[in-house]
Amino acid sequence: MIVDPGADFRACSKSQGLAVNMPSDEVKLRPMKCHHFSNKHCLSCDLLSHTYLSSIQLKEQALSRLFADHIDRIKTSVTCEMGTEGSRNKAKLAVASIHGKIEFGFYDNHMQFKKLEDCPLHTPAINSVLVIIKACINKHNIIPYHLFTKKGELKYLLITYSESTNELLLRFVLRSTESLPSLKKLTADIIMLNPAIKVVTANIQGKHQAILEGEEEFVLTENDCIAHRFDQYVLFQGPRSFFQTNTKMALKLYQQFQNELSVLPVHSFLDLYCGVGAFSFFAGKYCSQVTGIEISDAAIFYANKAREIIQSHFNVNFSAMDVEAYLHHQQSTYDAIMVNPPRRGLNDSIITHLLRLAPSYLFYSSCNAKTLHRDLLKLEAQYQIQSLQIFDMFPFTSHFETLAVLSKKN
């Protein structure tokens, strides 16, 4: 019996009216192998008991339930991964000393430390560099913070990897500046051992609270950012810059946005919550005027750094401002506006300003379908949803990114 591994998925997609953007040669129908999940050691990937096909269907069903009143009138589609292992470019790891040995992992809901140094979702470059980091921490005697005695220095290790440039960014979250001299020596050693490590920083988080990082950051290397290549664009990520955790899926998101924009009569474009400028640069190919707004000074610094390199995109400009404050004083109209807010979504004031500016088109990129649905309901008096597209940015979890395209009524 010859089985087409994609047949069930295509049949399901056809019956639900769902367009699926996946490679045509094979669809992964098996669960990702993870002994941490099977042993109930780590249950963060809450859909890992399902096949990849099934996990995608559950996400599509979740979005369809939220937009049940609209789903028959709008185009919906899903963009999926061909391979999920190694798709995550960022790791956030707690550090502990267990029986005198340095371990990386996480704290569970009962605040018990659990070792996790080989997550299959993490890119191999992250898992492999942990061995070197551990050896250097031991050599320079940087003591992990103890959650219950409140002693020690090193709380967390945050790692980001750029596959396109083979560059690593390491952030050591410390209780105080006490270990800075030792960390500077560690930095020199670790770069010698692994030249892919381009940026090392110390973040100071002195509070005994469940807070991942503090406000103070010391850059310990000559470089202060790593580069990511997306098509012809180069984006820079600093220690405190937001960046999508799944680079390949992020590229598909930006490309799809650009494709949607390319067929619209849009000349002026406003990118709200622009971060380091990804949507702005992809919009710049078709728009003569692009403005990116982001509250983070650091993100705007790196957006402008990229702008200097992408010399064909001097029609793209950035400002470091609070989005709500910018909109409050904004009188100029735009043909299209993109919003890419945090999980909490948009507040009523921002929605009111969007309705006042009344662009012909709205784009909304969201990692929280519930707040996306809430906000689109408030916009529907003047706008209609043209399409909703899921991007599986977080494989085998209930989370996903959604790109919504709206057009002004009448």
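Five bridges join strand E10 to strand E11 (residues 233–237), and the two strands run antiparallel; strands here (E, at least two residues) and helices (H or I, at least four) are DSSP runs numbered from the N terminus. This is a predicted model, in which local features need pLDDT of at least 70 and side-chain atom pairs count only at pLDDT 80 or more, while totals for chains, interfaces and linings use all residues. Residues are numbered from 1 along each chain as its sequence is written, and side-chain values use heavy atoms, with hydrogens and water left out.

**Confidence**
- The mean pLDDT of the protein is 90, with 91% of its residues reaching 70 or more, where pLDDT is the predictor's confidence in each residue, from 0 to 100.
- Over residues 1–17 pLDDT stays under 50, and the model has 16 contacts beyond four places in sequence for them, a contact being heavy atoms within 4.5 Å.
- Residues 23–27 also have pLDDT under 50 throughout, with eight contacts beyond four places in sequence.

**The open sheet**
- Seven strands form an open sheet in the order E5-E4-E3-E6-E7-E8-E9, with mixed pairing, two strands being paired if DSSP finds at least two bridges between them.
- Strands E5 (113–115) and E9 (216–219) are the edge strands, each pairing on one side only.
- Neighbouring strands of this sheet are turned by 35° against each other on average, direction ignored.
- Strands E6 (residues 154–162) and E7 (residues 167–174) run antiparallel and are joined by eight bridges, with Tyr161 standing opposite Leu168 in E7.

**Helices**
- Helix H4 (residues 124–139) lies across E3, E4, E6, E7 and E8, running at about 140° to E6; axes are lines fitted to C-alpha atoms, for helices over the stretch in contact, and angles run from 0 to 180 degrees between N-to-C directions.
- Helix H5 (residues 180–193) packs on the sheet and touches E7, E8 and E9, its direction making about 165° with that of E8.
- The buried residues of H6 include Leu253, Tyr254, Phe257 and Leu261.

Conventions
Buried means under 20% relative accessible area, exposed over 50%, partly exposed in between (1.4 Å probe, protein chains only).
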